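Let us walk through this structure step by step, beginning with the whole chain and ending with a single residue and its surroundings. Keep the sequence and the picture side by side as you read.

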Amino acid sequence: QVQLVESGGDLVQPGGSLRLSCAASGFTFRTYGMSWYRQTPGKERELVAAISSAGRNTNYVDSVKGRFTISRDNTKNTVYLQMNSLKPEDTAVYYCNAGYNSPLMTDNWGQGTQVTVAS
């Protein structure tokens, strides 16, 4: 059974940093690209960052380039999102899913983790 468990969200001031984690199970993690998405009320879920299966390739939405870094540890079946220089517009629920740039396990979204950037 596929499980994706996101954690690390919090309330942080503008300019602050957070590190999100996504623990995956139920599939062969090391063979899948992984991506982070975010969603705010009334809007569609959007791709934030993606990483290839071995971690050699990454992709970011323009609004987070230079501020966010996606990484993975295939020994721990975990993908990370380091978020620096956070802005109020980064406020959202963040999700991970298998797949590079598009979600492959759309029936298995996790609960997400809330990131709130506010002073």
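The protein chain, shown here as a predicted model, has 10 strands and zero helices. If you follow the chain from the N terminus, the order of its elements is therefore simply β-β-β-β-β-β-β-β-β-β. The radius of gyration of the protein chain is 13 Å, close to the 14 Å that the globule rule gives for 119 residues, and so the chain is as compact as a globular protein of that length. Along the principal axes, the C-alpha atoms of the protein chain fill a box of roughly 40 × 30 × 20 Å.

Of the 119 residues in the protein chain, 42% are buried, and the accessible surface comes to about 6100 Å², with 44% of it belonging to carbon and sulfur atoms. The protein chain carries 11 positive and 9 negative side chains, and the centres of these two sets lie 7 Å apart. When we consider contacts between residues at least 6 apart in sequence, 56% of them join residues at least 24 apart.

Now turn to the way the strands are put together. In general, strands of a sheet pair through backbone hydrogen bonds, and this pairing can be either parallel or antiparallel. In this model, six strands form an open sheet in the order β2-β10-β9-β4-β5-β6, with mixed pairing. The edge strands of that sheet are β2 (11-12) and β6 (58-60), each of which pairs on one side only. Within the sheet, strand β4 (residues 34-39) and strand β9 (residues 92-98) pair in the antiparallel sense over six bridges. To see one of the residues taking part, look for M34, whose bridge partner in β9 is A98.

L4 lies in strand β1 (residues 3-7). Is L4 buried or exposed? Its relative accessibility is 4%, and because buried means under 20%, L4 counts as buried. For a view across the structure, compare the positions of L4 and R56, which are 52 residues apart in sequence and 22 Å apart in space, taken from C-alpha to C-alpha.

Methods:
Residues numbered from 1 in each chain as written. Predicted model: local features only at pLDDT ≥ 70, side-chain atom pairs only at ≥ 80, totals over all residues. Heavy atoms only, no water. Helix = DSSP H or I, 4+ residues; strand = E, 2+ residues; numbered from the N terminus. Rg over C-alpha atoms; globule rule 2.2 N^0.38 Å. Buried < 20%, exposed > 50% of the residue type's maximum accessible area, 1.4 Å probe, protein only. Contact = heavy atoms within 4.5 Å. Areas by Shrake-Rupley, 256 points an atom, 1.4 Å probe, with all protein chains shown as cover. Lys, Arg positive; Asp, Glu negative; His and termini not counted. Charge placed at Lys NZ, Arg CZ, Asp CG, Glu CD. Pairing = 2+ DSSP bridges.
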